[in-house]
Amino acid sequence: MQSPRERSEVRPRAGWMVMGKRGRPSALEVCRVLAVFLSLFPSVSLQCKILKCNSEFWASTSNSAPDEEFCTALRAFNSCVRRTARTCRGDLAYHSAQHGIEDLMVQRNCSKEGPTSQPRARTPLAPPLPPLPPDSQERSDGPEVCHYERSLPRNTSPPNYTHCGFFGDPHLRTFGDEFQTCKVEGAWPLIHNKYLSVQVTNTPVVPGSMATATSKLTIIFKNFQECVDQKMYHAETDELPAAFADGSKNGGDRHGANTLRVVEKVPGQHVEIQARYIGATIVVRQVGRYLTFAARMPEEVVNSVEEGDNQDLYLCLHGCPANQRIDFRNFRARATEAQSAGRTRSGSGAHGFTYQSAKAKCKERLPVEDLYFQSCVFDLLSSGDINFTMAAYYAFEDVKMLHSNSNRYHIYEKDALPRSSAVQRSKDLLSLLLFNLFSLVMWIECCTVHL
């Protein structure tokens, strides 16, 4: 059995490389790389539907697809990409798709002229067997290496699980329990390690406003030993799939495939992805027009950084960059000042929330005035979108489900003080103490001289 140290040294076969020792890649390999590449560079425009073209094409093909069927699907893919030309002209993913299609046509000897068909869904998988008791279910899912806790050496202490959440306008709770409110418009990575990558795309809630929220989410689970194949999950506004991008609901054809699965809790609103081979659980929701994200992972997985990889920009690990953060206290002071002057904050939307009415609305779902409550108030004032009340509520519900320490469910403003500020405050207190001590010594010496 592998130790955690040995386990962390095993590099997953990421399957992202097209060229290498194996020689010329197959068309299927190129297709997989194209799917991953497109997911890593989501469109900056909500009108660009290149990812939808890609997922439809992937769902209409299989490993055993004959050339004629594959070419028909490829021509349909090409037509779909061409229809996006106007909205995706400046998009890197659009140009990558064009080149990918040309390569696939050459490899499969496909003619550009010929029949096309609308992408069809894969044949549904056979219905799952009735659930077994927990122990029996785990044994049936594959070898022990595919069950994180079972793979750890005996007599070792239980793993320490950590939580990261991203929701609302947007608000971030890091794996280190730091709570931040950020701007982060565009595409940003939340998690990136040896086992998986998560990226979000945030778009303005109100045109011209600094308020943004998550409209797209892409998760890539990398190949892992005999457990799972590489899988991609992609969600965006009004598209919260109950399956991976290839149409499957588990980790593929390997012996431990069932240790990775997608479970639909509420159609179109709530999906849970269980990755037991790395001890991880991910929750994705759509609340109103935007997505929320929550994850639970062992520290070992969180810190399994690729060699030479720079983690500074991965939000769940290090938080938002300083120039992307918004200070709750300054915002609240401005809102209170505006209210006292009898003015309503511009951009508060049709609801016209004041500071007091926003507090009253958030109290209905979040009775404790912690940072989840404060984030709810912030979102109502900055966007006027009442759905953000539920986004904060569900984010806190996910904390209660995923966080390993019940004493840390609530985070308060004093807990969110940036580390640099806390360090500076400690230095200031120390300097004041030393100054007072020095003054006392000088006073004693002065009195002694006069005596």
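**Close-up views of a predicted model**

**View 1. An open sheet of four strands runs in the order β4-β5-β6-β7, with antiparallel pairing.** Strands pair if DSSP finds at least two bridges between them. β4 (186-192) and β7 (231-236) are the edge strands, each with a single partner strand, so one side of each has no neighbour in the sheet. From one strand to the next the twist averages 20°, with axes being lines fitted to C-alpha atoms and angles running from 0 to 180 degrees between N-to-C directions. This is a predicted model, in which local features need pLDDT of at least 70, side-chain atom pairs count only at pLDDT 80 or more, and totals for chains, interfaces and linings use all residues. Residues are numbered from 1 along each chain as its sequence is written, and side-chain values use heavy atoms, with hydrogens and water left out.

**View 2. Strand β6 (residues 212-221) pairs with β7 in the antiparallel sense over six bridges.** Opposite I220 stands M232 in β7.

**View 3. Helix α14 covers residues 387-402.** Its 16 residues should span 22 Å at 1.5 Å a residue, and the end C-alpha atoms are 23 Å apart, which agrees; the expected span is 1.5 Å times one less than the number of residues.

**View 4. The protein has 15 helices and twelve strands.** Helices (H or I, at least four residues) and strands (E, at least two) are DSSP runs, numbered from the N terminus. Of its 451 residues, 48% count as buried.

Conventions:
Buried means under 20% relative accessible area, exposed over 50%, partly exposed in between (1.4 Å probe, protein chains only).
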